[in-house]
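Welcome! Take a moment to look at the chain on your screen, and then we will walk through it together.

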Amino acid sequence: MANHMQLGFQDASSPIMEELTQFHDHALMVAIAICSLVLYLLTLMLTEKLSSNTVDAQAIELVWTILPAMVLITLALPSLRILYMMDEISEPDLTLKAIGHQWYWTYEYTDFKDLTFDSYMIPTTDLPLGHFRLLEVDHRVIVPTHSTVRVIVTADDVLHSWAVPSLGVKTDAIPGRLNQTSFLASRPGVYYGQCSEICGANHSFMPIVVESAPLAYFENWSSLMSS
């Protein structure tokens with residue numbers, strides 16, 4: 001999870017988030033190159049005397065027309081690739097339904113008959129020692145590691161947003177509509193998120209906790225929850 005001195009992204013824990021981090025670094029390097037070139041040209045214009053050949057040169061006009069187009073293509077192609085990867089959901093191993101309420105989440109494991117529960121934030125007065133304040137919940141979402149999880153997101157009252165930064169997931173929860181996304185946790189761990197839509201007075205008090213665990217642990221947990 002993030003800390004108060006962190007300037008970059010959280011550590012990627014899914015292939016999609018790794019791709020997003022790489023694209024961010026790629027776009028940042030392009031922006032640095034553009035800023036360096038513009039700074040160099042501004043410095044050159046302020047320190048050198050411009051001649052009439054420089055001002056009227058058609059070659060310069062051609063360059064500053066083609067160069068931005070090349071920059072846009074350099075950014076657009078990998079961006080479109082990631083968008084298609086994020087929208088592609090094929091044969092998920094597990095389907096999870098997340099329903100946003102004011103101000104808690106309800107989860108339904110649609111592959112199981114009676115596996116559904118509400119997830120509330122644990123109040124600070126009841127928080128166990130070592131857990132994170134305003135981020136820990138009474139019932140975590142348990143998913144198996146290295147398994148494709150499809151998440152169907154909706155809301156019961158107002159707009160919400162189901163977001164877990166480490167997994168590269170952020171999907172709006174809209175009343176009367178089903179949105180879907182997917183993720184694959186590449187390693188065991190606990191991943192924290194929050195509702196990313198301003199959904200009312202307690203908007204900041206409906207956290208999301210996803211725990212990725214080995215398949216055997218998930219099977220034992222699902223059996224206990226279903227019984």
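How much of the chain over residues 27-47 is helix, and how much is strand? Over this stretch the chain is 100% helix and 0% strand, with end C-alpha atoms 30 Å apart. Keep in mind that you are looking at a predicted model.

**The helical part**

An unreviewed UniProt entry places the feature "transmembrane region" at residues 27-47 and 59-77. Residues 59-77 are likewise 100% helix and 0% strand, and their end C-alpha atoms are 27 Å apart. Helix 1 runs over residues 15-47 and helix 3 over residues 58-87. From its first C-alpha to its last, helix 1 reaches 48 Å with its 33 residues, close to the 48 Å expected at 1.5 Å a residue.

Which residues of helix 1 are buried? They are Ile-16, Met-17, Glu-19 and Val-30, and the buried residues of this helix pack against helix 3.

A nonpolar surface patch of about 830 Å² includes Leu-37, Tyr-40, Ile-66 and Met-70 among its residues. Tyr-40 belongs to helix 1, while helix 3 gives the patch its largest share, 5 residues.

**Charged pairs**

Side chains of opposite charge can pair when their charged atoms come close. There are 3 salt bridges in the structure, and here they are:

| Salt bridge | N to O distance |
|---|---|
| Glu-19 and Arg-81 | 3.0 Å |
| Glu-136 and Arg-140 | 3.0 Å |
| Glu-211 and Arg-140 | 3.3 Å |

Glu-211 sits in strand 10 and Arg-140 in the loop between strand 3 and strand 4, so this pair ties together parts that are 71 residues apart in sequence. Glu-136, Arg-140 and Glu-211 are linked in a network of salt bridges. Why does Glu-136 count as buried? Glu-136 counts as buried because its relative accessibility is 2%, under the 20% cut-off. Glu-211 is buried too, at 16%, whereas Arg-140 is partly exposed at 21%.

Is Ser-147 buried or exposed? Ser-147 is buried, with a relative accessible area of 12%. You can find Ser-147 in the loop between strand 4 and strand 5. Leaving aside residues up to four places away in sequence, Ser-147 touches Asp-93, Phe-183, Leu-184 and Ala-185.

Notes
Residues numbered from 1 in each chain as written. Predicted model: local features only at pLDDT ≥ 70, side-chain atom pairs only at ≥ 80, totals over all residues. Heavy atoms only, no water. Patch = residues over 30% accessible without salt bridge, like charges linked within 9 Å, V, L, I, M, F, W, Y side chains within 5 Å. Areas by Shrake-Rupley, 256 points an atom, 1.4 Å probe, with all protein chains shown as cover. Salt bridge = Lys/Arg side-chain N within 4 Å of Asp/Glu carboxyl O. Helix = DSSP H or I, 4+ residues; strand = E, 2+ residues; numbered from the N terminus. Buried < 20%, exposed > 50% of the residue type's maximum accessible area, 1.4 Å probe, protein only. Contact = heavy atoms within 4.5 Å. UniProt positions renumbered as here; feature names shortened; annotations may be inferred. Expected span 1.5 Å × (residues − 1).
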